[in-house]
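Let's take a walk through a protein model together.

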Amino acid sequence: MQSAAPDFRPEIHGLRGLAILLVVAYHLWTSGRVSGGVDVFLFISAFLMTASFVRKGTAFRLLDFLVQRFRHLVPLAAIVIAASTAAGWLVLPPTRYEGLLNHARASLIYRENWRLIADQANYMVADPQRLNPFQHFWSLSLQGQLFVLLPLVFVAAAALERHRGIPVRRTLAVVLGLATVVSFAWAVHQVGADPAAAYFSTWTRVWEFTAAGLVALLPSVPLSARASRIVSWTGLALLLGTGLVWGRGAFPAWAALPPLLAAALVIIAGSRTDDPGHASFWLSRRPVTFVANRAYSLYLWHWPVYVFTVVVTSNGNPRTGPVDSLTILAASFVLADLSTRLVERRFHRLDLLRSKRYAVTAILLFTLLATSVLGGIAAVVERADRATAELPPDQRPGARALTPGPDAPASASPTPGRGIAPGDRAIVYDWPQDLPACDPTLPGHPADPDLGWCGVLEPDGEPTRVVAVVGDSHAFQWLTALIPLAEERGWRLAAYGRAACRLGSPNTEPGCSEYQRAARDWLLATRPDQVVSMGSSTRVDAPEHDDWGWAEAIAPVAHAGIAVVNIRDNPRWDFDMPECVQRYGTEDPRCSGRRADKLADEWPVGALADLPHQHYLDFSDWFCPPGKVSLCPGVIGNTYIYMDSNHLSRAYVASMADVFAEVWDAEVGA
């Protein structure tokens with residue numbers, strides 16, 4: 001069976017080199033734009049794979065294909081993953097270790113695209129937008145997945161030809177055509193419903209592979225020299241213009257069509273490498289092929305080099321200056337060149353690797369190498385966390401360091417040479433204590449628990465008091481102090497909240513207004529003794545204010561005779577506080593701020609003052625201890641106050657348990 005394309009076409013190889021250059025350039029010099037280079041990469045891979053299968057026809061062997069394909073992909077990927085993990089361990093603050101290891105593992109098993117989707121959807125993940133040295137593995141993971149899925153279609157097509165006489169091309173045309181239409185329609189839907197997930201999803205990207213397969217099935221149509229030139233330059237111009245014109249479009253739907261059409265046009269134009277008037281001539285020249293020969297290595301190395309340079313030189317600012325950009329480019333090309341020479345040209349050309357047995361052995365050995373590095377680093381990190389967790393209470397007093405009395409520690413500063421509780425890595429996941437999940441079939445439980453977070457702690461007998469917590473994560477962080485109080489005193493404690501959705505807040509996110517109505521209806525229906533939520537709102541770069549809309553939203557509850565317990569909000573920061581402390585130390589002024597800049601002189605209660613049954617709990621002195629110049633630090637009593645830029649750590653709130661109970665009893669009543 002004749003091929004739709006020869007084994008090697010220099011202009012397609014050159015197109016791959018141009019695509020990687022565009023990817024690197026857009027990562028370095030643009031903000032939020034997509035070059036289309038990755039889309040071209042996917043297209044070329046699928047085109048060549050399909051063309052190769054059509055040539056082999058019924059002689060195609062799935063196991064041979066998979067072993068040889070992953071034998072070429074895994075060794076260098078494993079080296080980069082191991083090296084990037086080790087570099088991250090040395091360069092990144094411990095707050096990032098958990099994410100570093102999770103993404104390294106996902107990249108090693110070709111699941112990074114799904115890991116990124118999960119992180120974007122998980123409110124508990126610390127800053128999913130943060131630069132991560134494995135993020136570029138999303139496209140390699142996608143390729144790896146489709147290198148397994150699409151050959152199954154080839155196997156089925158070959159089986160149909162052998163047993164039913166249905167030509168392979170006909171079967172592929174039908175299956176790939178249907179897959180292209182369905183996947184593209186799903187991509188168009190998803191970029192509107194969930195653009196972050198759509199960008200990384202396998203199912204929204206399938207059409208880019210299958211569309212390339214359809215191009216590989218097209219019969220060869222001879223073009224005149226003039227027509228071929230026009231088609232080739234049109235394709236090249238379309239690719240170069242993608243980032244400028246459609247780079248901010250909704251990928252991978254309509255905005256992905258131009259780069260794929262560009263690749264298709266260059267392929268259809270044919271290989272006329274002896275004609276200087278043809279784009280293929282220039283795509284096959286040495287400068288382009290030099291990059292193309294190192295395309296895989298360059299793609300693997302450039303992103304971690306970029307991320308670590310940003311971390312070391314610009315404190316997380318993703319925009320790089322001319323010097324940094326040139327440094328990143330030079331380092332990436334050096335690493336890519338070394339990798340190509342040592343791995344691609346020497347290791348992969350060993351004759352013994354043509355044997356499936358030795359090829360599989362190589363895949364396993366390199367995977368084991370990377371796994372060993374990841375496991376070793378994880379063990380070291382866990383050992384450090386255990387040492388911190390085992391510190392006696394007097395060496396991690398937290399808020400107790402500020403409590404007067406004969407047993408109070410002499411200083412609120414960290415113990416020299418000791419870890420800060422709950423641990424430099426553990427702090428990232430130091431969320432509040434959980435409650436048992438709500439059951440809408442039980443009396444008193446919210447009817448629509450799926451609108452937000454919902455939990456209820458039931459006492460052993462008749463509750464002595466019913467307390468309800470509503471609002472966002474800033475209200476929920478106080479569960480760590482409320483739960484032991486409820487357990488000790490036999491309260492029924494119920495919590496119903498939603499991320500970034502306080503009652504009365506103007507959040508327009510779908511579901512927020514529904515939650516707000518459901519929460520207020522629930523309060524009025526169950527009539528708890530007290531409702532707990534936030535009674536003010538702090539901001540990163542503006543004064544603290546009364547929580548706009550809260551007084552109006554809670555007014556029906558207050559007028560119904562239900563007591564409302566307002567907690568004053570804690571300071572917020574425009575940086576990750578634990579990371580700052582780990583980078584610069586507890587005494588560095590970059591990791592603290594003046595109380596006057598973070599909190600109002602007095603609690604701005606606003607319209608709450610006009611409502612009945614209001615109580616106020618103010619713990620600001622435990623975040624910003626009074627003094628001649630009152631500062632709001634990141635660590636008190638060898639304990640992180642914050643787990644990120646604005647949420648209190650569970651460890652610190654737990655250390656405030658006695659303070660919380662005392663203030664509650666004085667203001668609300670025992």
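**Starting at a histidine**

The side chain of His474 makes a polar contact with the side chain of Asn646, at 2.7 Å. A polar contact here is a pair of N or O atoms within 3.5 Å; within protein, one must be able to donate a hydrogen and the other to accept it, and residues adjacent in sequence count only if both atoms are side-chain atoms.

Before going on, a word about what you're looking at. This is a predicted model, where local features need pLDDT of at least 70 and side-chain atom pairs count only at pLDDT 80 or more, while totals for chains, interfaces and linings use all residues. Residues are numbered from 1 along each chain as its sequence is written, and side-chain values use heavy atoms, with hydrogens and water left out.

Back to our histidine. You'll find His474 in helix α17, which covers residues 473-476. Helices (H or I, at least four residues) and strands (E, at least two) are DSSP runs, numbered from the N terminus. Is His474 buried or exposed? Its relative accessible area is 1%, so His474 counts as buried. The cut-offs are simple: buried means under 20% relative accessible area, exposed over 50%, and partly exposed in between, using a 1.4 Å probe and protein chains only.

Which residues surround it? If you skip its neighbours within four places in sequence, His474 is in contact with Arg502, Met534, Asp569, Asn570, Arg572, Asn646 and His647. Contact just means heavy atoms within 4.5 Å.

**Following the sulfur links**

Now for the cysteines. A disulfide is a covalent bond between the sulfur atoms of two cysteines. In this model, the rule is a pair of cysteine sulfur atoms within 2.5 Å, and by this rule the count comes to four disulfides. Number the bonded cysteines in sequence order and the pairing reads 1-2, 3-4, 5-6, 7-8. Let's visit some of them.

The link has -85° about the S-S bond and is left-handed. Both Cys438 and Cys454 are buried.

Another disulfide joins Cys501 to Cys512, S to S 2.0 Å. Cys501 sits in the loop between β3 (491-497) and α19 (512-526) and Cys512 in helix α19, so the pair ties together parts that are 11 residues apart in sequence. The link of Cys501 and Cys512 is right-handed, with 95° about the S-S bond. Cys501 has a relative accessible area of 0%, so it's buried, and Cys512 counts as buried because its relative accessibility is 0%.

Then there's Cys580 with Cys591, their sulfur atoms 2.0 Å apart. Cys580 belongs to helix α21 (residues 577-584), while Cys591 is in the loop between α21 and β6 (593-594), 11 residues apart. Why is this disulfide left-handed? Because the torsion about the S-S bond of Cys580 and Cys591 is about -90°.

**Stepping back**

Zoom out, and the protein chain shows 24 helices and 10 strands. Its C-alpha atoms fill a box of roughly 90 × 50 × 45 Å, taken along the principal axes. Of the 670 residues in the chain, 53% are buried.
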